[in-house]
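Good morning, colleagues. I would ask you to keep the structure in view while I speak.

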Amino acid sequence: MSTKAYAAQAADAPLAPFSLTRREPLPHDVLIDILYCGVCHSDLHQARNEWHNTIYPCVPGHEILGRVAKVGSAVSKFKEGDLAAVGCMVDSCRTCPSCREGLEQYCETGGTVFTYNGPDKVLGGVTFGGYSENIVVDEAFVLKVSDKVTDLAATAPLLCAGITTYSPMRHWKVGPGQKVGIVGLGGLGHMGVKFARAFGAHVVLFTTSPGKAEDAKRLGAHEVVVSKDPDAMAAQARSFDFVLDCVSAQHDINAYLQLLKRDGTLVLVGAPEHPLPVSAFGLLMPRRNFAGSGIGGVAETQEMLDFCAERGITCDVETIGIQDVETAYERLLKNDVRYRFVIDMATLKRPA
Ligand code: NAP
Ligand code: ZN
Ligand code: ZN
């Protein structure tokens, strides 16, 4: 099947129209016509080879929401016309202990197939993501979208920004009585604020952008701290149970470690290009934890989507045409996103 898409052909080349091949659905496959695809900062890192592993041409996009157009003969979860979603993974080994526990993103055999830039086990070459007309995915990695969901564009970014912030907060049991910090009000950060609030914590947003303070409160933060203000940072020292770092660029991680009280945990979900130096004594005293977390498994992603559908939680989005994706990337780099760009895939049909 020939499918219209947008691809980066090199780290320094802007995304441009591209035609790719999707497989005909196998017995367990679902063909999804993509309606919306979120623009994650990871798409930018990957398109520009900031993680030094990109294979070109690269078609990014892993916040995919659409409608089922065709199902394979053995598919049981979906039928034509259903809403369906795909996140950051399209396959894994399915047999190792992590896969059996529903943590396919941590597949121990190296078998996690990411939605783009992963090894395509059927066609060979690499997988191509959601900046495209359609996608074919094994139903085991396709998520159900509740009929209660009305704003489809605002739901798409839950597939990465949503699960990536939901999963660590569930794992570290964020809840009432806790003081929780979210660092960076971008795509991930704004969902971090919403989930921390929904889980009953006292939520403090740390931002480099004073202009985002009002939005942060509207999104659910009880307090906002401008991280460039040393006095405001010092006033928060040693008071947090949990801090989620959602920053996409170089920053001083020690400034956030010092926020933790004894046994508090700082979880890094941001994935900047270069290492972040950690001060040993900032960790040792008073017995702090520094951890990381990657997206979330299929079952937990479904749990998160259902939780959001039940509570009416969606993302705050700015819908764009695919022709504007480079402008969106430039705006991400200026922290000028409120709070997720989502591509309306109907714009792929516009003449270039
Ligand atoms: P985004 O929308 O661009 O948001 C990043 C935010 O970080 C910015 O809006 C800004 O917030 C803050 N920031 C940027 N530069 C900064 C700096 N130099 N110092 C301090 N703060 C800064 O990005 P995103 O899509 O949310 O993604 C965030 C990061 O998470 C990316 O690195 C992405 O690759 C990674 N990610 C990881 C996973 C995972 O599985 N762990 C999943 C998805 C994404 P303020 O304006 O509020 O300061
Ligand atoms: Zn992402
Ligand atoms: Zn596995």
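I shall discuss a metal site, a group of aromatic rings and a surface patch.

Please bear in mind that this is a predicted model. I begin with the metal. The zinc ion, ligand 2, is coordinated by SG of Cys40, NE2 of His62 and SG of Cys160, at 2.0 to 2.2 Å. The spacing of these donor residues in sequence is C-x21-H-x97-C. His62 counts as buried because its relative accessibility is 7%, and Cys160 is buried at 4%.

I turn to the aromatic rings. The whole structure contains 10 aromatic pairs. One of them joins Tyr166 and Phe199, and it is edge-to-face because the ring centres lie 5.6 Å apart with the planes at 70°. Tyr166 belongs to helix α3, whereas Phe199 is in the loop between α4 and β11. Phe195 and Phe307 form a tilted pair, with centres 6.4 Å apart and planes at 50°. Since Phe195 lies in helix α4 and Phe307 in helix α9, this pair ties together parts 112 residues apart in sequence. Phe195 is buried, at 0% relative accessible area.

Ring pairs link Tyr166, Phe195, Phe199 and Phe307 into a cluster.

Finally, the surface. Leu26, Val122 and Leu123 form a nonpolar patch there, with about 240 Å² of accessible area together. Leu26, in the loop between β2 and β3, is partly exposed at 37% relative accessible area.

How values were computed
Residues numbered from 1 in each chain as written. Chains lettered and ligands numbered in written order. Predicted model: local features only at pLDDT ≥ 70, side-chain atom pairs only at ≥ 80, totals over all residues. Heavy atoms only, no water. Donors = N, O, S within 2.8 Å, 3.2 Å for Na, K, Ca; no water. Buried < 20%, exposed > 50% of the residue type's maximum accessible area, 1.4 Å probe, protein only. Patch = residues over 30% accessible without salt bridge, like charges linked within 9 Å, V, L, I, M, F, W, Y side chains within 5 Å. Areas by Shrake-Rupley, 256 points an atom, 1.4 Å probe, with all protein chains shown as cover. Salt bridge = Lys/Arg side-chain N within 4 Å of Asp/Glu carboxyl O. Helix = DSSP H or I, 4+ residues; strand = E, 2+ residues; numbered from the N terminus. Phe/Tyr/Trp six-rings, centres within 6.5 Å; stacked < 30°, edge-to-face > 60°.
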